[in-house]
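Trainee: I'm new to this one and would like a close look at a single part. Could you walk me through it?

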Amino acid sequence: CEKNAAKAAAEQLVNEEKVEFLLGGACSDEFLASAPIAQAQKVIAFSTTATSPKISELGRYVFRTCPSDTLAGKAAAGYAFNKWQAKTAGIIAEDTDYAKGLREVFSQNFTQMGGKVLLSETFATGTTDFATTSAKAKSLALDVLYILPQTSTPGVLLVKALKAQGVKSKILTAEVLLIRDAVAEQGKVLEGV
């Protein structure tokens, strides 16, 4: 998911090695960095897993098979508002294109439904201490927290911090936190998410 490395690799493959298509990257950050290079040279760029809504705007040579976060963020907002009857929400997202896309779509849709987003926090990749963010979430007594890590590791740490603070908000997340390995290893922590 390193966008600078992906951009450099795409420049070498497209401009120097003259490949006919690029497959990947897996993460939105790297695909958003590499696909414009392919688009500029009319080389097909294809990702099976990148989900940022911005990918749809990159051009006619850029493709993906995974649904856009536009669908996932809207579904999450609808679930929180309609199924859980949530009227207030908080969003805690890693500072990546993947998480930002979900955050924006969720916020827009939740607000359009009549809910209020009272907390919208981002954290840097590599963050391990979520005590301040968790305290802030607890003080707002939100109906739902939508947490958006890039991978399961910071997500598990965030959930642990929220539970340690005694946060009572329901927790909603994206698929990356509920991968099989994370659930197998941290099932007790992730219970109820």
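Is Lys-136 buried, partly exposed or exposed, and why does it count that way?

Mentor: Keep in mind that this is a predicted model. Lys-136 counts as partly exposed because its relative accessibility is 35%, and the cut-offs for that class are 20% and 50%. Its side chain has a partner, too: Lys-136 makes a salt bridge with Glu-121, with 2.9 Å between the closest N and O atoms. That pair ties together distant parts of the chain, since Lys-136 sits in helix H5 (residues 131–140) and Glu-121 in strand E5 (residues 116–123), 15 residues apart.

Now follow E5 into its sheet. The sheet is open, has four strands in the order E5-E4-E6-E7, and pairs them in parallel. E5 is one of the edge strands, along with strand E7 (170–173), and each of these pairs on one side only. From one strand to the next, the twist averages 20°. Further in, strand E4 (residues 88–94) and strand E6 (residues 144–148) run parallel, joined by five bridges; Ala-93, for one, has Leu-148 in E6 as its bridge partner.

Helices pack here as well. Helix H3 (residues 69–83) touches E6 and E7, its direction making about 160° with that of E6. Helix H6 (residues 152–164) lies across E4, E5, E6 and E7, at about 155° to E6.

Back to salt bridges: the whole structure has two. Besides the Lys-136 and Glu-121 pair, the side chains of Asp-95 and Lys-100 meet at 3.4 Å, N to O. Asp-95 counts as partly exposed because its relative accessibility is 43%, and Lys-100 counts as partly exposed at 27%.

Key. Residues are numbered from 1 along each chain as its sequence is written. This is a predicted model: local features need pLDDT of at least 70, side-chain atom pairs count only at pLDDT 80 or more; totals for chains, interfaces and linings use all residues. Side-chain values use heavy atoms; hydrogens and water are left out. A salt bridge is a side-chain nitrogen of Lys or Arg within 4 Å of a carboxyl oxygen of Asp or Glu. Buried means under 20% relative accessible area, exposed over 50%, partly exposed in between (1.4 Å probe, protein chains only). Helices (H or I, at least four residues) and strands (E, at least two) are DSSP runs, numbered from the N terminus. Two strands pair if DSSP finds at least two bridges between them. Axes are lines fitted to C-alpha atoms, for helices over the stretch in contact, and angles run from 0 to 180 degrees between N-to-C directions. Contact means heavy atoms within 4.5 Å.
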